[in-house]
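Let's take a walk through this protein together. Have a look at the sequence and the structure first.

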Amino acid sequence: MVGNLLLRGMFAGVIAGILVFAFAHIFGEPLVDAAIAFEEASAQAAGQAAEPEVVSRATQAGLGLFTGVMAYSVAVGGLFALAFALVHGRFSALSARGTSAVIAIAAFVAIVLVPGIKYPANPPAVGNPDTIGVRTELFFLMIVVSVGALIAAVALSRRLSERFGLWNGAIVAALAYLVFIGVVLYLLPPINEVPENFSAMVLWRFRTTSLGMHAILWATLGLAFGALAERRLALKGGLRPAFR
């Protein structure tokens with residue numbers, strides 16, 4: 001059963017990957033081109049030699065983008081299915097579609113939205129190459145902290161619900177999560193390496209487009225996998241026997 005759900009999660013990842021690629025190719029790549037043009041103009045003004053193009057932009061925006069997006073989406077889809085198999089029927093009485101939707105929303109908030117508030121996505125020409133290691137470490141640290149805090153909030157909610165009721169427990173746990181994340185966002189060092197003359201509109205559109213790509217990914221996984229899993233579980237009559 002778990003293996004079957006894993007295949008369904010990967011298939012949902014394929015669907016999500018196709019949609020994300022289409023969105024990124026139409027709305028994201030022109031912004032990347034604008035950022036690259038700015039970077040090249042800045043280098044030329046500074047008298048620096050242009051860097052050789054190892055992979056053409058056409059390949060990057062086409063096959064390269066498609067390969068990267070599909071590989072990421074399929075992998076995330078598989079992990080999504082494993083998370084569903086672990087959670088469904090054990091922490092709530094939600095249906096397969098309900099559980100899938102809740103996981104997708106929680107993952108989007110913890111993995112995308114919260115880290116993106118502190119360290120949003122940046123296009124080419126934004127960021128100092130010398131600090132890429134530090135910036136990467138801080139970003140992944142923010143993801144780990146956010147996911148860990150969300151898991152702790154869910155556990156707190158279940159514990160409080162037994163004493164104060166479902167809604168009260170959920171509200172208190174959500175507030176605790178927000179307060180903790182707020183403290184973490186305040187304590188972690190900020191990163192501001194945007195050139196003064198870089199287009200604010202390009203930067204804003206790139207960040208919202210990046211957020212849109214993730215929203216499409218998680219929304220598609222939540223809806224598509226939920227439908228696929230519900231049909232499979234209806235045929236087999238549940239998920240628990242797969243773990244015995």
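## Overall fold

Please keep in mind that this is a predicted model. The protein chain holds 6 helices and 0 strands, giving the pattern α-α-α-α-α-α along the sequence. Its C-alpha atoms fill a box of roughly 65 × 40 × 25 Å along the principal axes.

Of the 244 residues in the protein chain, 34% count as buried. Among contacts with a separation of 6 or more, 86% come from residues 24 or more positions apart.

## The nonpolar cores

The largest nonpolar core contains 26 residues, and L5, F80, F84, L217, W218, L221 and F225 have the most contacts inside it. At least two residues of this core come from each of α1 (2–45), α2 (57–87), α3 (96–118) and α6 (200–236). A second, separate core has 12 residues, including A110, I181, V184 and L185.

Leaving aside residues up to four places away in sequence, F225 touches L5, R8, G9, A12, F80, A81, F84, S100 and T220.

## Where α3 meets α5

How do the axes of α3 and α5 cross? They come within 10 Å of each other and cross at roughly 40 degrees, with α5 spanning residues 166–187. That angle is why α3 counts as oblique to α5. The crossing of α3 past α5 is right-handed.

On the α3 side, the contact is made by V109, A110, V114, I117 and K118, while α5 brings Y177, I181 and L185. By type, the residues of this contact of α3 with α5 are 7 nonpolar, no polar and 1 charged.

How values were computed: Residues numbered from 1 in each chain as written. Predicted model: local features only at pLDDT ≥ 70, side-chain atom pairs only at ≥ 80, totals over all residues. Heavy atoms only, no water. Core = buried A, V, L, I, M, F, W, Y, C linked by side-chain atoms within 4.5 Å. Buried < 20%, exposed > 50% of the residue type's maximum accessible area, 1.4 Å probe, protein only. Helix = DSSP H or I, 4+ residues; strand = E, 2+ residues; numbered from the N terminus. Contact = heavy atoms within 4.5 Å. Axes fitted to C-alpha atoms, helices over the stretch in contact; angles between N-to-C directions. Parallel < 35°, antiparallel > 145°, perpendicular 65-115°, else oblique. Left-handed = near helix turned anticlockwise from the far one by under 90°. Nonpolar A, V, L, I, M, F, W, Y, C, P; charged D, E, K, R; others polar.
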